[in-house]
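Have a look at the chain shown below. A short report on its fold and packing comes after it.

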Amino acid sequence: MRTRLVLAAARLFVERGFLQTSVEDLLGAARISRASFYTYFENKIALLAALVDEHIERRTRHFHDLAQLGRPDVEQVASWFKKVGETSREQAGIVRLMRLAVALDPGLMQRFVRARDKYAEILGENFPRLDLSIGDDDEREARRATAHLLIIQVEQFASSSADGSWHLDVDITSRTFARLLMRYA
C-alpha cells in the first residue's frame, strides 16, 4: 500500500501540482483508505519527503556510478555528466517537484544538504584532493566546500536539463565540467 501511495503521489504531484493535489485525490489514485494513508504518512509533506528521499537515492546511485569508474578519464566523467542530464530530462516532473519541495519545507532542504555530504564522500573515493578523511579540520572543510560546489554544478545542470533551460552545448559543458573535476584526481 505504501508503494502504491508513493507512486500515486509522484504521478499526481507532477501532473496537478503538490498544492493542488488533495489527500482525497491521493486516496482515490492509490485505492487506499484514509486510515491507511495516515498509517504510513503524517501528512502530505511527509509523503513529499518520501519522494525527496527516493530522488536523493537515485542521485546517490549516479555518484556511485561515477565512483565505480575507478580513476576515470575526462571522457568518462563527461559521459557520466551527460547521463545525469539525460536522466533528469526523463524525470523532469520529479526534478521540478524537488525544487518546489525545498521551497515548501526547510526540513526537506536539509535532506538535500545532508545528501551533498554523502555525495562529497563518494567523490572523495576517486578524487584524492576531495577526500574528506585526510588532513586537518581546515583542509577537510575546504575539501567539503569544494565538493559541494562541484555537486551544486551537477545539480544545476540536472535541473536545467530537466526544464529545458540549458542553452549551452552539452558536449562542451560536459567536457569542461570533467576537466574541472579531474583537477581533484
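## Model and conventions

This is a predicted model: local features need pLDDT of at least 70, side-chain atom pairs count only at pLDDT 80 or more, and totals for chains, interfaces and linings use all residues. Residues are numbered from 1 along each chain as its sequence is written, and side-chain values use heavy atoms, with hydrogens and water left out.

## Overall fold

The chain has nine helices and zero strands. Helices (H or I, at least four residues) and strands (E, at least two) are DSSP runs, numbered from the N terminus. Along the sequence the pattern reads α-α-α-α-α-α-α-α-α. The C-alpha trace spans about 55 × 40 × 25 Å along its principal axes.

The chain holds 185 residues, and 42% of them count as buried. Buried means under 20% relative accessible area, exposed over 50%, and partly exposed in between (1.4 Å probe, protein chains only). Take the contacts with a separation of 6 or more: residues 24 or more positions apart account for 69% of them. Contact here means heavy atoms within 4.5 Å.

## Nonpolar core

The largest nonpolar core has 52 residues. Such a core is a set of buried Ala, Val, Leu, Ile, Met, Phe, Trp, Tyr and Cys residues joined through side-chain atoms within 4.5 Å. Phe13, Phe37, Leu47, Leu51 and Leu181 touch the most other members. H1, H2 (23-30), H4, H5 (74-90), H6, H7 (106-126), H8 and H9 (170-182) each supply at least two residues of this core. H4 gives the most, with ten residues. In soluble globular proteins, nonpolar side chains tend to be buried together.

Phe37 touches Leu5, Val23, Leu26, Leu27, Ile32, Asn43, Lys44 and Leu47, leaving aside residues up to four places away in sequence.

## H1 against H4

The axes of H1 (residues 2-16) and H4 (residues 44-67) come within 10 Å and cross at roughly 90°. Axes are lines fitted to C-alpha atoms, for helices over the stretch in contact, and angles run from 0 to 180 degrees between N-to-C directions. H1 and H4 are therefore roughly perpendicular to each other. Angles under 35 degrees count as roughly parallel, over 145 as roughly antiparallel, 65 to 115 as roughly perpendicular and the rest as oblique.

On the H1 side, the contact uses Arg2, Leu5, Val6, Ala9, Ala10 and Phe13. H4 brings Leu47, Leu48, Ala50, Leu51 and Glu54. These residues divide into nine nonpolar, no polar and two charged. Ala, Val, Leu, Ile, Met, Phe, Trp, Tyr, Cys and Pro count as nonpolar, Asp, Glu, Lys and Arg as charged, and the others, Gly among them, as polar.

## H6 against H8

The axes of H6 (residues 92-104) and H8 (residues 137-163) come within 9 Å and cross at roughly 125°. That makes H6 oblique to H8. Ala92, Val95, Arg96 and Arg99 of H6 meet Ala158, Ser159, Ala162 and Asp163 of H8.

## Single residues

Glu155 is found in H8. At 15% relative accessibility, Glu155 counts as buried. Glu155 touches Arg59, Arg116 and Tyr119, not counting residues up to four places away in sequence.

Arg183 lies in the segment after H9. At 58% relative accessibility, Arg183 counts as exposed. The C-alpha atoms of Arg183 and Leu97 are separated by 33 Å, with the two residues 86 apart along the chain.
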